[in-house]
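Student: I'd like to learn how to read a few features of a protein model. Could you walk me through some?

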Amino acid sequence: MELANLSVLLVWGAATALAIALIAFAVDLSRLSGAKVDARDAARTKERVGVAAGGPGDVPGLVDGASDTPAAVSGPAAGPVSRKLAGIGMSLSWLAAALLLVAIVLRGIAAGRTPWANMYEFALVGTFVAVAVFVGVNTRRDVRFLGAFVSGLGVLFLVLAQEKFFVEAMGVQPALQKYWLVIHVGVAILATGIFTVAFVTSVLQLLRDARDNGSAVLGSRHWGWLDHTATPSSLESLSFRLNSVAFVLWTFTLIGGAIWAEDAWGRYWGWDPKEVWSFIVWVVYAAYLHARTTRGWSGSRAAWFVVAGYACVLFNFTGVNLIFNGKHSYSGL
């Protein structure tokens, strides 16, 4: 039990690291917003001075209306903005991923089995996958603008796991003592973690689309950081790639679950609530991928599809387990 207790402490350590990372990322975005507004004000002041001195033509690099364009605020007036806080957030995200990995391993050793047999463990490993995907993608392209959202969800999931889903580390019933627990549930967790990062990316895409289309709410000074995220098309492309990988994994989850069900219960499909909602998740994401690749759905319509799909994923994990009584219902809650 000492290993199990140490695992719990490490989970709280990971949650603390993510909470501090959330603050660092949020302050970084706030500073970007402030720099954006200050640069715009400086550009407008410079333009007014130019007009008073003889018109916009006397001010190099400025034309009519230029003060409202991104180019005007990214010039010398804007000045460099330090991203040290974003770097601190990334370091803390790496630390949180490492702490979670050790916590998961210790949990498995203490229980004497694969550490993803209940809702508590599913939440821990799913959060680890989401954070690992985030820091992994950041090694290939700068996605630090996702940090506040990924770390925020990570803190939420870990706190819920510790406070609402926690069960002691112990063995599992004979039906779960199969290698399919490693494969079927493990792949489902991988897919869920990737779906989480794709969801965050699509939410940012929706915010950028609304901002670029002149939203009065998102046009305030507090949303200036959106100009420092990727373009909506880049965000949509990243979300599509992540969802494509997760969808393949979720497809294997359904197939593996059917094979395991036949071995354990003597049938491939029995309309169990978990089976039904897992299939609904698959249908929603299949429709999203089909609509985007063959029907030309893009932009906000595609992003809302991703949001709907992730809502189904969350309900499949929480609502189905806690509301409906089926063969997949977890014990010990």
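This is a predicted model: local features need pLDDT of at least 70, side-chain atom pairs count only at pLDDT 80 or more; totals for chains, interfaces and linings use all residues.

Student: How many aromatic pairs does the structure hold?

Tutor: A pair of aromatic rings is described by the distance of the centres and the angle of the planes. Here the structure holds 15 aromatic pairs. Take F122 and F317: their ring centres are 5.2 Å apart and the planes sit at 25°, so this pair is stacked. F122 belongs to helix α4 and F317 to helix α9, 195 residues apart, and the pair links these distant parts of the chain.

Student: Is F122 buried or exposed?

Tutor: Buried means under 20% relative accessible area. F122 has 12%, so F122 is buried, and F317 counts as buried too, at 17%. W297 and F305 also pair, but tilted, with 5.8 Å between centres and 50° between planes. W297 is partly exposed at 30%.

Student: What span should helix α8 have?

Tutor: Count 1.5 Å a residue: the 22 residues of α8 (273-294) should span 32 Å, and the end C-alpha atoms are 31 Å apart, so the two agree. Its buried residues, including V281, Y285 and L289, pack against α6, α7, α9 and α10. After α8 comes G296, with a positive phi near 75°.

Student: Which residues are closest to the centre of the second largest pocket?

Tutor: That pocket holds about 230 Å³ of space. Of its 15 lining residues, A123, F157, Y310, L314 and F317 are the closest to the centre. α4, α5, α6 and α9 each give two or more residues to the lining, which divides into 9 nonpolar, 6 polar and no charged residues.

Notes: Residues are numbered from 1 along each chain as its sequence is written. Side-chain values use heavy atoms; hydrogens and water are left out. On a 1 Å grid over the protein atoms alone, a cavity is a set of points where a 1.4 Å probe fits but cannot get out, and a pocket is an open set with protein on both sides within 12 Å along at least five of seven lines; lining residues have an atom within 4 Å of a point. Grid points are joined across faces, edges and corners, and a volume is the space filled by probe spheres set on the points. Helices (H or I, at least four residues) and strands (E, at least two) are DSSP runs, numbered from the N terminus. Ala, Val, Leu, Ile, Met, Phe, Trp, Tyr, Cys and Pro count as nonpolar, Asp, Glu, Lys and Arg as charged, and the others, Gly among them, as polar. The expected span of a helix is 1.5 Å times one less than its number of residues. Buried means under 20% relative accessible area, exposed over 50%, partly exposed in between (1.4 Å probe, protein chains only). Contact means heavy atoms within 4.5 Å. Rings of Phe, Tyr and Trp (its six-membered ring) pair if their centres lie within 6.5 Å; planes under 30 degrees apart count as stacked, over 60 as edge-to-face and the rest as tilted.
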